[in-house]
Amino acid sequence: MSKFTSYTASPDRPSIHSFKLRGARMTLAQEKAMNAFWPVFGINPDTPIDPRATFPDAKRLIMEIGTGMGESTALIARDHPDDGFFGVELHRPGLGALLARINELGLTNLRLVEEDARVLLAKYTPDHSLDAIHLYFPDPWPKTKHNKRRIVQDDLLPVLAQKLVPGGYIHIATDWLPYAIWIQEVFERSPLFTGGVIERPEFRPITKFEGQGLRKGHVVTDLKYFTR
Ligand SMILES: C[S@@+](CC[C@H](N)C(=O)[O-])C[C@H]1O[C@@H](n2cnc3c(N)ncnc32)[C@H](O)[C@@H]1O
């Protein structure tokens, strides 16, 4: 599969998308970054990952679902040089922008995967291979008829638990209060996780996206759930 292949539905991919298939037009800078750095830092769809083999010396192995434009992804990777990160995203301009940041910051501890995170986790990630999963500002799908598109669903939790190490965790942040409540309800229904709302951790930088929400008066909720 070419490195420029965009997401296409196939029988083994979820038919309900948790992401918006927005215009995938990249700026020239993003395209240049894609050409130069995807072969070094990128992992194509339908490709298994082996986190420990990729980062043999990493203290912790962390996957971020939905890196967007990658501002916080890059800063967190920069601030945690001993950890190894996998950023998962389908929005190609975002992947291009993040590749440019990886180059600017000289990061060596971050790989990008162009894939639906649900497919990557279920099919292409070894069991108990991740210390943590980050999910920052997942699309909130606020209309009731779209709630089924939210990535946090009952059937995602067994997959998360299977891919995390025992005692591993998922850290979620959202600025959409009804989604924060939804997330708590989903996790409380599951025997696989324990946790709840936490204080905003200092390591999580404020992205442009989060700043926009804050300016609109949105309250940001951080949640952390550990596998039991
Ligand atoms: C609202 S944006 C937030 C981006 C970023 N985390 C931030 O805080 O700025 C949500 C992102 O998640 C991505 N996304 C949604 N569902 C996804 C999935 N199943 N796999 C990978 N990425 C996904 C979308 O493409 C989008 O870029």
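Author: Strand β5 (residues 130-136) is mostly covered, with 5 of its 7 residues buried, where a residue counts as buried if 20 or more other C-beta atoms, placed from the backbone, lie within 10 Å of its own. Helices (H or I, at least four residues) and strands (E, at least two) are DSSP runs, numbered from the N terminus. The model is a predicted one, in which local features need pLDDT of at least 70, side-chain atom pairs count only at pLDDT 80 or more, and totals for chains, interfaces and linings use all residues. Residues are numbered from 1 along each chain as its sequence is written.

Strand β2 (residues 61-65) runs parallel to β5 and is joined to it by 4 bridges, two strands being paired if DSSP finds at least two bridges between them; here Ile62 stands opposite Ala132 of β5. Strand β6 (residues 164-174) is also parallel to β5, through 6 bridges, and Ile133 has Ile170 in β6 as its bridge partner. Between β5 and β6 the chain passes through helix α6 (residues 157-163) in a right-handed β-α-β crossover, that is, with the strands pointing away from the viewer, the path from the first strand over the helix to the second runs clockwise.

Beyond this, β6 pairs in the antiparallel sense with β8 (residues 221-227) over 6 bridges, and Thr174 stands opposite Thr221 in β8. Strand β8 is in turn joined by 6 bridges to β7 (residues 193-198), again in the antiparallel sense, with Phe193 opposite Thr227 of β8.

Key. Buried ≥ 20, exposed ≤ 12 C-beta atoms within 10 Å, placed from the backbone.
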